Amino acid sequence: MEERRQTSGVRIGDLLSVVGAAVAAVALTAVLGSQLAPVHGLLANVLIAYVLFLVVYAVLVWLDESGPVVWDRVIAVIVQSGAFLLVLALASVLVYTVIKGGRAVVHLNMYTHDMAATSPVDPLTNGGVLHAILGTLVQITIALCITIPLGITTALFLTEVPGAFSRFVRTIVEAMTALPSIVAGLFILATFVMALGFDKSGFAASLAITVMMLPIMIRAADVVFRLVPATLKEASLGLGAGQFKTVMNVTLPTARSGLMTAIILATARGIGETSPVLLTAGFTQSLNKNPFSGPMVSLPLVVFEFVKSPEQPMVERGFGTAVVLMALVLVLFVAARVAGAQDVAKRARRRRRRAAAVARVRSLISRSSDA
């Protein structure tokens, strides 16, 4: 009987093969670089070592296993190496940013003051990015208020009303996903500011951000709505509900968690934009609470302006602002995921627990009144 191949779990033999192949690859790279063909540069040596690692690992697995198993193990190592490389790149960016901006983010004034009365050579105990934090929150809130209803309704139209026009709209949406951000900023600058005569403001920046977020929101929501089981909608229609009630009571509740993911993707696209904000809202060092009048900056724009300064305190403030931006994005994403996790079943269980708690309270009140 043929032995069943194990496709999950980690065995001691597999771990020893990986470690042995890694040690052999490092040793062979050292010999190759020092004796046979001198290779200069860390990246070149790492690439050579990785190729040698794959070859040695394949040979070690081939000594004990058959051909298909060898391919499975080698492909698994390549995939896991790619995942490790992505995690390493992300971790390096985060760690480097935190290290460079660590001296700035520890000061409370970073979150309670703006830069109106601070010069580039002032110490980190002066000034802050309150104006950028408020500007980012205001701009992304306005953009979400426009993007969410418009994106969801457009995605529902593409899913629920198939036809030639919906195919045309889907093509336009897919083309807009590759729209450069500078073009979106120029579009709002030319139409909203120059043609209509409005001033540069946070609202104009929100419109430019909306242009960037909307295609992402529509495409992601369209995919989510397509994943809703057709049997659920057919059952609702079969029970006499119309298309509007089916969408409101079946499609939207079923796709809630997926829609939150779509909102997260759209927010990630818009919250990091710099050039549209610079073109449509301008730059200011002071706090502006009115999104409809006067320049209003965002955190990415402040990072861009600070890190290009020749003064070291401003550079450190720039990296500290980047840390604040990452923390803000993390908070928004966690809040969105928590809200998206509340599906229909969880809400029903929460209603039952609330009803049970109310019944217990009423029972205790009735008993106390009888006594």
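**Ground rules.** I number residues from 1 along each chain as its sequence is written, and side-chain values use heavy atoms, without hydrogens or water. As the model is predicted, local features need pLDDT of at least 70 and side-chain atom pairs count only at pLDDT 80 or more, while totals for chains, interfaces and linings use all residues.

**Salt bridges.** I searched the whole structure and found 6 salt bridges (a side-chain nitrogen of Lys or Arg within 4 Å of a carboxyl oxygen of Asp or Glu). I looked up Glu 316 and Arg 103, whose closest N and O atoms are 2.4 Å apart. This pair links distant parts of the chain, with Glu 316 in helix α14 (residues 312-340) and Arg 103 in helix α3, 213 residues apart. Helices here are DSSP runs of H or I, at least four residues, numbered from the N terminus. Glu 316 is buried at 10% relative accessible area, whereas Arg 103 is exposed at 52% (buried is under 20%, exposed over 50%, partly exposed in between, with a 1.4 Å probe and protein chains only).

I also noted Arg 269 with Glu 273, at 2.2 Å from N to O. Arg 269 is partly exposed at 26%, and Glu 273 is buried at 7%. A network of salt bridges links Arg 170, Asp 222 and Arg 226.

**Helix pair.** I checked α5 (residues 130-160) against α10 (residues 243-254): they pack at about 110 degrees, axes 13 Å apart (axes are lines fitted to C-alpha atoms over the stretch in contact, angles running from 0 to 180 degrees between N-to-C directions). That makes α5 roughly perpendicular to α10, a label for 65 to 115 degrees.

Methods:
Helices (H or I, at least four residues) and strands (E, at least two) are DSSP runs, numbered from the N terminus. Angles under 35 degrees count as roughly parallel, over 145 as roughly antiparallel, 65 to 115 as roughly perpendicular and the rest as oblique.
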